[in-house]
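Okay, thanks for coming, everyone.

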Amino acid sequence: MTFALALEQLLNGLQLGVMLFLMAAGLTLIFGVMGLINLAHGSLYMVGAFACAAVAAWTGSFWLGLAASLACAAAAGAVVELVVIRRLYDRDHLDQVLATFALILIFSEGTRWLFGSFPLYLDIPPLLQGAVQLPGGGEYPIYRLAIIAIGALVAVGLYVLIGRTRLGMRIRAGESDREMIGALGVDIRTLYTVVFALGSALAGLSGALVGATQSVQVGMGEPILILCFVVIVIGGIGSIKGALLGALLVGICDTMGRFLLPQLIALLLPPAQAGMVGGAVSSMLIYVVMALVLAVKPRGLFPPAHV
Amino acid sequence: MQMHKMLAAATMALSLGTSGLAHADPLKIGMITTLSGGGAGLGVDTRDGFMLAIKNSGNKDITVVTEDDAQKPELAVQIADKMIQSDQVDVLTGIVWSNLLMAVVPGAVAQGKLYVSTNAAPAALAGANCNKLYFNAAYQNDNLHEAMGEYATKGYKKMFILAPNYPAGKDSLTGFKRYYKGEVAAEVYTKVGQTDYAAEIAQMRASGADGIFVFLPGGMGIAFMKQFAQSGVKIPVMGPGFSFSQDVLPAIGDAALGAKASGQWAPDFDNAASKKFVSDFQAEYKRLPSIYALQAYDAAQLVVSAAAKTSVKNTDAFRAELLRADITSPRGNFKFNTNQHPIQDIYLTEVVRKDGVLTNKTVEKIFTDHGDAYAKDCKL
């Protein structure tokens, strides 16, 4: 194994982690502030990807598509919060799971009705096409580096928003004691809608970014949603910092597992079998990591203090 | 008055008589296919290709009930039970995925129902466990991969091969290696439904392979090809026809240009049946047909041809008619092997842009009258 390959795989892990963070941040924010389990978060990711693909196809500009993905996902999130989610805050988690699962079906079939069953085309913008030289002789796609940069910006932005602004103060207050901030005159209903729209916009952004490297199709959000739940469980449900570290941990473990485990197993088994066994074991790896983390720290790595 | 009555009676008798002549027993077909979720494009093409052949036949005695399996084996089994028990279908068809087919077919044939597969063709049903009520109108799963193995042997010394970790994925790489005589640089199995292939592409770059073979149907292939094109890796990519079929090409875009694939048919085939199929399909659905549409079209043609000769209630006669494969397939040569899987020609195709649309162009013939490796174990 060369240095170039190891570096490339590390960047791949980092990039996957950043993508997961964009999704998981919204999910954990919504859970932290409103105590709501939102299974439809993956649908908002899909909304972002479809909005970006449709607008990019219509205008020819990926950047307008990206703006549209943020706007559409935030709008869809706000509407969903006003129409459905608002009625669920006082219900138990089972009702929330049931209602948001129904939302997945509605979003999926609605998208199919609008766009059809075939995947849409979405390409990365010309500015970010191609690959750059890495130290050690490898090459790495510029677009993936850009995703890492965007993820880092979002992480910093969230840190500033939550730690340094009035809205962030209200969000933190909402996490700690929602009756009390209501009593202090903060319009809690509007705050919830804003937080939900913010989380949705982040999901939409990651859907658009990922959509350009994958297939924009109905049902694309659910596989990544499962990973995001793993991330926030590892990180501590409700913690943005936990979501960031959990996402990076999952991204790097998953990538390195897919890369190294088959090679390790190949030392013991013939190559054909090693590929099969390695593939199977590496797809379980992140769940094993999750189980280990929960065995040592049952509330995740960074549980919010008040829970 | 009397005359009128007699005339009426005569006309009625005549009309009864003629309709009795043209009227075969009604035939009910149950189509279980994937119409929602990520694999829906494949199911939609399957359904549309099948219905096109039924419509073209003009046979009003054939009815088709269609249900969505959402690519879930347990759902497919429930639908099959319902279709057999309450809809009373005579023939089942339409399943795209091998794992779903394995869940449905053994039960269906045990209840005496015919199954004509439009796509999935796992090795498990082609050899010792073949069944006289199970027909496959598409291929045996290994076939297109075998053809790529044969092709790669000629020009490539060291191949990196990759497939998802499920029955058809294993059949794929087994089939490829059966005919590939060069060195295998690495054999990688990925998770079904995986969407990020950065880790695998990095291994390809480092492997020193001079060719890459991937079997990634549906959305997986779209994701892989787009990411591969961005990675800067310049090794030629090839795969079985599904990796670059008409259902995924528009979404992959120019990243697919030049990719080599194998197929028993491509939309540019120069024969009357193929031209009619493509133009009928385009007229009806406003898009080019994929390989799945072709396979379903032929499956429906087979059922229609048998229904025109005999009643489905007479299973043995109906089976014999199916086995004769008295159809004009757009793919050209088509007949059934002893295990009721096709013997057909397999071609090399290349992705090109034609009239602004990405499509597959036929390059050369790889296999003539190709059967499968499992037929010898089938005792029918």
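This is a predicted model: local features need pLDDT of at least 70, side-chain atom pairs count only at pLDDT 80 or more; totals for chains, interfaces and linings use all residues.

Residues are numbered from 1 along each chain as its sequence is written, and chains are lettered from A and ligands numbered from 1 in the order in which they are written.

Chain A puts in 41 residues and chain B puts in 33 residues. On the chain A side, elements giving two or more residues include H1, helix H4 (93–115) and helix H10 (240–266); helices here are DSSP runs (H or I, at least four residues) and strands are E runs of at least two, numbered from the N terminus. Which element gives the most on that side? That's H11(A), with seven residues. By class, the chain A side splits into 19 nonpolar, 16 polar and six charged. Nonpolar is Ala, Val, Leu, Ile, Met, Phe, Trp, Tyr, Cys and Pro, charged is Asp, Glu, Lys and Arg, and the others, Gly among them, are polar.

Now one helix pair across that contact. The axes of H1 (residues 3–34) of chain A and H7 (residues 198–207) of chain B come within 9 Å and cross at roughly 170°. Axes are lines fitted to C-alpha atoms, for helices over the stretch in contact, with angles from 0 to 180 degrees between N-to-C directions. H1(A) and H7(B) are therefore roughly antiparallel, the label for angles over 145 degrees. From H1(A), A:Leu5, A:Glu8, A:Gln9, A:Asn12 and A:Gln15 meet B:Ala198, B:Ala199, B:Ala202 and B:Ala206 of H7(B). In classes, that contact has five nonpolar, three polar and one charged residues.

On to chain B by itself, with 12 helices and 13 strands. Its domain assignment, automatic or from a database, gives domain 1 (22–139 + 270–336) and domain 2 (143–263 + 346–375). Their centres, over C-alpha atoms, are 26 Å apart. Domain 1 of chain B brings 19 residues to the contact and domain 2 of chain B brings 20 residues. Helix H2 (40–57), helix H4 (98–110) and helix H11 (291–309) of chain B are the elements giving two or more residues on the domain 1 side.

Last, overall dimensions: the C-alpha atoms of chain B fill a box of roughly 95 × 45 × 35 Å along the principal axes.

Key: Angles under 35 degrees count as roughly parallel, over 145 as roughly antiparallel, 65 to 115 as roughly perpendicular and the rest as oblique. Two residues are in contact if their C-beta atoms, placed from the backbone, lie within 7 Å.
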